Amino acid sequence: MASATLSFLAPPQRPRSRSWGFRNPSVFRLGSVSIRSGPAGRRRGLRSSVCRAAGVVFRDLDADDFRHPLDKQNTLILRAIPGLNDIGKALLGTVTEQVMLLENIGTSVLVSKNQLSDLHQLMIEAAHILNIEAPDLYVRQSPVPNAYTLAIGGKKPFVVVHTSLVELLTRKELQAVLAHELGHLKCDHGVWLTFANILTLGAYSLPGLGGLIAQRLEEQLFRWLRAAELTCDRAALLVAQDPKVVISVLMKLAGGIPSLADQLNVDAFLEQARSYDKASSSPAGWYIRNAQTRQLSHPLPVLRAREIDEWSRSQDYQILLRRAAQVNSLQKL
């Protein structure tokens, strides 16, 4: 498998790396809203005991159990592109993978039972709930709150979390971020992200219709990226099992301030999302909304918040919880 970068944060940028945050379209590297954390003494962070795992563990969970319909639809379209797998393997080799791996190992701290053990436990718990092997976890010094995943062919994938994100979020919120990243791995998003990127870049180099083909492919890729993020927000909810935790993450990444965190209101943020839907419901609003989001790799935070709120109240989510509870009960017999 070719190498790929995935992540939680968001907006406008060509899809090389992805994150929970907002992107500057002129920057290729990971980026998000710059929210500098306060002094270390302001928050005790993970020094106290970690949050306990959620009550329900999804022992038989399959990716399609929580995959967003738009993700399913757009993944099928990508799979229908002939030769995509062979192109990816041919153009991305071991040298590229090794560069990506060594860069992260050399500039971050590897989390383990003996290193930042509370963070390690949060990852182990989230992976257990989602029925997936826990990847390696690294913490990287950065003032930009972000988290991302690297899936490298033939090697164990790993998640990187920036220090400022750890400072910005509560423990439950941080575990929701880790669960979001695990969702990318559970759904094999890395394969399609890399291959679609390669195909798009290759088409741009072709004369004549190459640029037009590349533009169409890029639009399709962005549609898939936005849908994939909605899927991974659902993975975050499956671990948190409280929609307000996931929505709080999105709210903080949109405009959170550590020193005023106790004044943030999830219900007010959801009301903001509903007002956005209302403002964009007219023909003119619909056109402006599509123009604004067309080149985004991530859905707008208010839309992600509304989506996860609706799914948390859906029959599909409730069925997943009940089924998992039944399997857990049988396992205890």
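1. Burial. In this predicted model, 53% of the 333 residues of the protein are buried. The protein exposes about 15,700 Å², and carbon and sulfur atoms supply 55% of that area.

2. Secondary structure and contacts. The protein contains 13 helices and five strands. Among contacts with a separation of 6 or more, 71% are accounted for by residues 24 or more positions apart.

3. Aromatic pairs. The structure holds two aromatic pairs. In one of them, the ring centres of Tyr138 and Phe158 are 5.2 Å apart and the ring planes stand at 70°, so this pair is classed as edge-to-face; the angle required for that class is over 60 degrees.

4. Placement of the Tyr138–Phe158 pair. Tyr138 belongs to strand 3 (residues 136-140) and Phe158 to strand 5 (residues 158-162), so the pair ties together parts that are 20 residues apart in sequence. Tyr138 has a relative accessible area of 6% and is therefore buried. Phe158, at 1% relative accessibility, likewise counts as buried. Both assignments rest on the cut-off for burial, which is under 20% relative accessible area.

5. The Trp311–Tyr317 pair. Trp311 and Tyr317 also form an aromatic pair, with 5.1 Å from centre to centre and 50° between the planes; the geometry is tilted. Trp311 and Tyr317 are both buried.

Methods:
Residues are numbered from 1 along each chain as its sequence is written. This is a predicted model: local features need pLDDT of at least 70, side-chain atom pairs count only at pLDDT 80 or more; totals for chains, interfaces and linings use all residues. Side-chain values use heavy atoms; hydrogens and water are left out. Helices (H or I, at least four residues) and strands (E, at least two) are DSSP runs, numbered from the N terminus. Buried means under 20% relative accessible area, exposed over 50%, partly exposed in between (1.4 Å probe, protein chains only). Contact means heavy atoms within 4.5 Å. Accessible areas come from the Shrake-Rupley method with a 1.4 Å probe; for residues, only the protein chains shown count as cover. Rings of Phe, Tyr and Trp (its six-membered ring) pair if their centres lie within 6.5 Å; planes under 30 degrees apart count as stacked, over 60 as edge-to-face and the rest as tilted.
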